[in-house]
Structure formats: structure tokens, C-alpha cells
Amino acid sequence: MYLQFNWDGTTGPCTLDWAKKVVVGNVKHEAVSDIWKGERLRHLQVAQLQGHRDKIDFCNDCSAPMVCCKDDLDDHAETILERITNLRGSGDGPNPWINSK
Ligand code: SF4
């Protein structure tokens, strides 16, 4: 839904990541629009939409999706995933967010 910018330019997808584990870019080196449209965020969105939140470090322990979001997109995940991948692809190579441990 949004991006969070830290003092050092690191950019995350949410306000909860004080540990900077879910970094999708750095505004000191990239334009915000490039981060927003970038592969790292897209990979994260794809992993979440595919139901892999439990395999993403930090996200796997986060309760925000259950307590902070009014919108539940689970019923629309397949449609959103299809639109994202049709528009921008699903990203090259294996999804770097998915922890295969
Ligand atoms: S699951 Fe939690 S930590 Fe991960 S992106 Fe969503 S709000 Fe942030």
C-alpha cells in the first residue's frame, strides 16, 4: 500500500520493519518511482500473494496483516497476482524473499 523511508534512505514496504529486514530499495540511490515499480518490491508482492508470507524473514512473525489492515485482499489475491505479473512480470529467477529453509 505504501513505502516507508528510513533516515539512511533504506526503503521498506511498511512502517513496522525497524530491523530493516524487508528493504526494497534506497532513496539515496534510486528514484521512489523506480523502487515502487522495481523488481524487489514486485518479488515481495508476488511472494505475499502466492501465500508465502511464512517463508519471508520478519514478515513471518508479523501480525500487522491481521490487526492493522482494514482491507482483506485474500479473496482477490489470484486476480491481483495475475494483473501484476501481466503488467510487470513475476521477476527474473527464483524469488529472493522466499526462504526455502
Ligand atoms: S507482513 Fe508485516 S513486515 Fe511484512 S511487509 Fe507486511 S506489514 Fe511489513
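Biologist: What does pLDDT tell me, and what is the mean for the protein chain?

Modeller: pLDDT is the predictor's confidence in each residue, from 0 to 100. The mean for the protein chain is 90, and 95% of its residues reach 70 or more. This is a predicted model, where local features need pLDDT of at least 70, side-chain atom pairs count only at pLDDT 80 or more, and totals for chains, interfaces and linings use all residues. Residues are numbered from 1 along each chain as its sequence is written.

Biologist: How many helices and strands does the protein chain have?

Modeller: Helices (H or I, at least four residues) and strands (E, at least two) are DSSP runs, numbered from the N terminus. The protein chain has four helices and three strands. Their order from the N terminus is β-β-β-α-α-α-α. Confidence is lowest in helix H3 (residues 64-67), with a mean of 82. It is highest in strand S3 (residues 25-26), at 98.

Biologist: In what order do the strands form the sheet?

Modeller: Two strands pair if DSSP finds at least two bridges between them. Here the order is S1-S2-S3, in an open sheet with antiparallel pairing. Strand S1 (4-5) and S3 each have a single partner strand, so one side of each lacks a neighbour in the sheet. Two bridges join S1 to strand S2 (residues 10-12). Phenylalanine 5 stands opposite threonine 11 in S2.

Biologist: Is helix H2 largely enclosed or open?

Modeller: Count neighbours first. A residue is buried if 20 or more other C-beta atoms, placed from the backbone, lie within 10 Å of its own, exposed if 12 or fewer, and partly exposed in between. In helix H2 (residues 39-49), eight of the eleven residues are buried, so the rest of the structure largely encloses H2. Among them are Leu41, Arg42 and His43. The buried residues of H2 pack against helix H1 (32-36) and helix H4 (77-88). Contact here means C-beta atoms, placed from the backbone, within 7 Å. Just after H2, glycine 51 has a positive phi of about 85 degrees.

Terms used: Contact = placed C-beta atoms within 7 Å.
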